[in-house]
Amino acid sequence: MSILSIEIVRNAVADHPDPETGRPLDSMGQIKNVTVDENRAEITVGLTTHSAPMADELSDVLKSKVVAVAPGSKVNVVFVDHPRPPARVGQIALKAKSVIAVGSGKGGVGKSTVAASIALTLRRFGSKVGLMDADVYGPSIPHLLGLSGRPALTAQKRIEPIKLGNDLPVMSMGFLVEPDQAVIWRGPMLHGSINQFLGDTDWGELDYLIIDMPPGTGDVALTLSQALPLAGAVIVCTPQEVALLDAMKAISMFRKVEIPILGMVENMSGFQCPDCGKTYDIFGKGGARKKAEELSVPFLGGLPIDVTLRTAGDEGKLAEVIETNDTSRAPLDAITKAVVRELAIRAANQPPKVSLPTL
Ligand code: ADP
């Protein structure tokens, strides 16, 4: 005789937090249906596109919660879309749920590659993503994605971003200046262009806006922090001790402007030789994980030196690799899920917004 009932199943999962809001799934109307047949249960859960990268993990947790109260039961979790449009961010016209800055202490560590790859991976999981290249001193996003053209103005005088495959809006200074032109930025110009990129661009409705930050300096971070509340920053570094010192500076810079740190990514973390399969730790390995622990910052994962990724970046084909190459994208999938998980943990830890009765 099975002890499973619709009530038992519903109660087991009702309070699990929705990854996006951190509120109980059932209270958000996201437990759409529960059916039970002997020792088999099926739960239909509404998930927003913001949480799409968490679907597998959420399925596993919900299954284990049911099995914990009804050992031996077989549980199937079915996800359906749960539409929840984004609100405006701060005082600007941008509509996005999570704005994430990707920064580094210095150039050349793969920050733009990681920023673009996180955006592409979120999109592959089904989230709605925009990518803003705020690395105004060396915009490389158009090159990595093989994009060119000049953004047009819409009838409402808003900037039309250049789109990758019709669904990933991208804005970059690289679309506005010739590739070989040096741009000399004065503070107010920089401030103005970042605000225009953010507020005057027709981004559409986004789950995530990923911002590729210029390395090191704090000007753009300050402008951003004044313009809108950011969900947080991802810090990219390489494993060597000197690179980690730069990463620490980037972390302290973001902290100064009160942008929370979502975690650290170790890029160029080991190299697996495609010919012999042997792994070489060219820059060392694990330094960022250790440093992250010391700084009480989450470690989001490592990305090995990958010749396929480098070639794809040089040829403007990063999107193709993320879409088709299981080996190259595996570490990026893990990093992207870690970012979304970190947001979910923060949402769940926020005190519930209930008004207390006045005594
Ligand atoms: P940054 O934005 O920090 O200046 P980029 O993302 O432009 O760095 O990367 C610098 C160079 O390193 C590019 O040629 C890029 O293709 C390459 N690169 C970045 N990450 C990797 C990696 N994990 N494996 C191989 N090459 C990489």
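## A ligand and its surroundings

A backbone N or O atom of glycine 110 lies 2.9 Å from an oxygen atom of the ligand. Keep in mind as you look around that this is a predicted model. Let's start with the ligand and then visit a helix.

**Contacts with the ligand**

- Lysine 111 also brings a backbone N or O atom to 2.9 Å from a ligand oxygen.
- Threonine 113 uses its side chain instead: an N or O atom there is 2.6 Å from an oxygen atom of the ligand.
- On its own, the ligand would expose 560 Å², and the protein buries 82% of that area.

**The shell around the ligand**

- The ligand is surrounded by 15 residues, and the closest are Gly108, Lys111, Ser112, Thr113 and Asp306.
- The space that the ligand takes is the second largest pocket.

**A look at helix 11**

- Helix 11 covers residues 326-349, which makes 24 residues.
- From its first C-alpha to its last, helix 11 reaches 33 Å, close to the 34 Å expected at 1.5 Å a residue.
- Asparagine 325 caps the N-terminal end of helix 11, with a side-chain oxygen 3.1 Å from the backbone nitrogen of threonine 327.
- An α-helix has 3.6 residues a turn, so residues three or four places apart point the same way.

Terms used: Residues are numbered from 1 along each chain as its sequence is written. This is a predicted model: local features need pLDDT of at least 70, side-chain atom pairs count only at pLDDT 80 or more; totals for chains, interfaces and linings use all residues. Side-chain values use heavy atoms; hydrogens and water are left out. A residue is near a molecule or strand if one of its heavy atoms lies within 4 Å of it. A polar contact is a pair of N or O atoms within 3.5 Å; within protein, one must be able to donate a hydrogen and the other to accept it, and residues adjacent in sequence count only if both atoms are side-chain atoms. Accessible areas come from the Shrake-Rupley method with a 1.4 Å probe; for residues, only the protein chains shown count as cover. On a 1 Å grid over the protein atoms alone, a cavity is a set of points where a 1.4 Å probe fits but cannot get out, and a pocket is an open set with protein on both sides within 12 Å along at least five of seven lines; lining residues have an atom within 4 Å of a point. A molecule sits in a cavity or pocket if more than half of its atoms lie within 2 Å of its grid points. Helices (H or I, at least four residues) and strands (E, at least two) are DSSP runs, numbered from the N terminus. The expected span of a helix is 1.5 Å times one less than its number of residues.
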